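Subject: Structure handover and notes

Dear colleague,

I am passing on the structure we spoke about, and below it you will find my notes on what was found. Please read them with the structure open beside you.

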Amino acid sequence: MTLADRVLRLLAEHPEGLTDAEIASALHVVHQHVNSCCRSLADKGQIVRDGFARPIRNRLPGEQALPPPAPEVKGGVERGEGLVQGEVVTWLVASGWSIGRVAETASRERGIDIVAERAGVRLHVEVKGFPSKSYADPRRAGEVKPTQPATQARHWFSAGLMKVLQLRQDYPQDAVALALPDRGTYRQLLATVDSTIRTMRLAVFLVRDDGSVEDRWPAP
């Protein structure tokens, strides 16, 4: 596997982007080699080098298909998106909702993660997971991710919040919810936008490690 292949694979696991230094640290290669490789990949259009902030962050183009994520393990700190999605679907069905759509998270299918309906109300749910310090893939068991879980979780939260706001605009008459693992980082972030969530008539589903769900700020 070439350095370019390794960089692309790493960036696929970090949609928030990584700096040259973070990539060099994760792949255990010289910083200058990473810089040269990333510049070449950017020239070919395979990655984007975001220069709006410093240091520059490398990321995959928004329309590029990403490879399937590593298998997730239930329990512990990590709570993968697919696992959280499955637990929300189970909870919705038990609560009387009919499931109309469940996106295939393993292949990073685009679109709404969950669509459900009950008593004439349609619900759209955006799901996010919570990252771990290490990789779940046994082939990378000895590697440590360059980005701290709490930092990466903030990026995921921002992306999730943006998505539910877009869903609210696209479906003004429907219910819209953001589903998250029950983690302190997410609770703290939710507290900073509490009034906005209520004003926008959004729901938040906090999924505990035992699979139970706390329904907060339910949309009318």
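How many helices and how many strands are there in the protein? There are seven helices and nine strands, where helices (H or I, at least four residues) and strands (E, at least two) are DSSP runs, numbered from the N terminus. Before going further, please keep in mind that this is a predicted model, in which local features need pLDDT of at least 70 and side-chain atom pairs count only at pLDDT 80 or more, while totals for chains, interfaces and linings use all residues. Residues are numbered from 1 along each chain as its sequence is written, and side-chain values use heavy atoms, with hydrogens and water left out.

Of the 220 residues in the protein, 40% are buried; buried means under 20% relative accessible area, exposed over 50%, and partly exposed in between (1.4 Å probe, protein chains only). Contact means heavy atoms within 4.5 Å, and among contacts between residues at least 6 apart in sequence, 56% join residues at least 24 apart.

Helix α3

Helix α3 covers residues 31-43, and its 13 residues, at 1.5 Å a residue, should span 18 Å, which agrees with the 18 Å between its end C-alpha atoms; the expected span is 1.5 Å times one less than the number of residues. Within α3, Val34, Cys37, Cys38 and Leu41 are buried. Seen down the axis of α3, these buried residues fall within an arc of 100°, so they line one face of the helix; the arc is that of the directions from the helix axis to the C-beta atoms. The face turned away from the buried side carries the exposed residues Gln32 and Asp43. What covers the buried residues of α3 includes α1 (3-12), α2 (20-27), β2 (48-50) and β3 (57-59).

On either side of this helix there are backbone details to look at. His28, in the loop between α2 and α3, has a phi near 60°, a positive value in a residue other than glycine, and at 66% relative accessibility His28 counts as exposed. After α3 comes Gly45, whose phi is positive, near 80°.

The cavity

The structure holds one cavity of 30 Å³ or more. On a 1 Å grid over the protein atoms alone, a cavity is a set of points where a 1.4 Å probe fits but cannot get out, and lining residues have an atom within 4 Å of a point. The volume of the largest cavity is about 40 Å³, a volume being the space filled by probe spheres set on the points, which are joined across faces, edges and corners. Its lining consists of Leu161, Val164, Leu178, Leu190, Ile197, Leu202, Ala203 and Val204. The elements that give two or more residues to this lining are α5 (149-170) and β8 (202-207), and β8 gives the most, with three residues.

Arg201 lies in the loop between α7 (194-199) and β8; its phi is near 55°, a positive value in a residue other than glycine, and Arg201 is partly exposed, with a relative accessible area of 31%. Thr185, by contrast, sits in helix α6 (residues 184-192) and counts as buried at 15% relative accessibility. Leaving aside its neighbours within four places in sequence, Thr185 is in contact with Phe130, Ala150, Ala153 and Arg154.

With best wishes

Definitions and conventions
1 Å grid on protein atoms, 1.4 Å probe; cavity = no way out; pocket = protein on both sides within 12 Å on 5 of 7 lines; lining within 4 Å.
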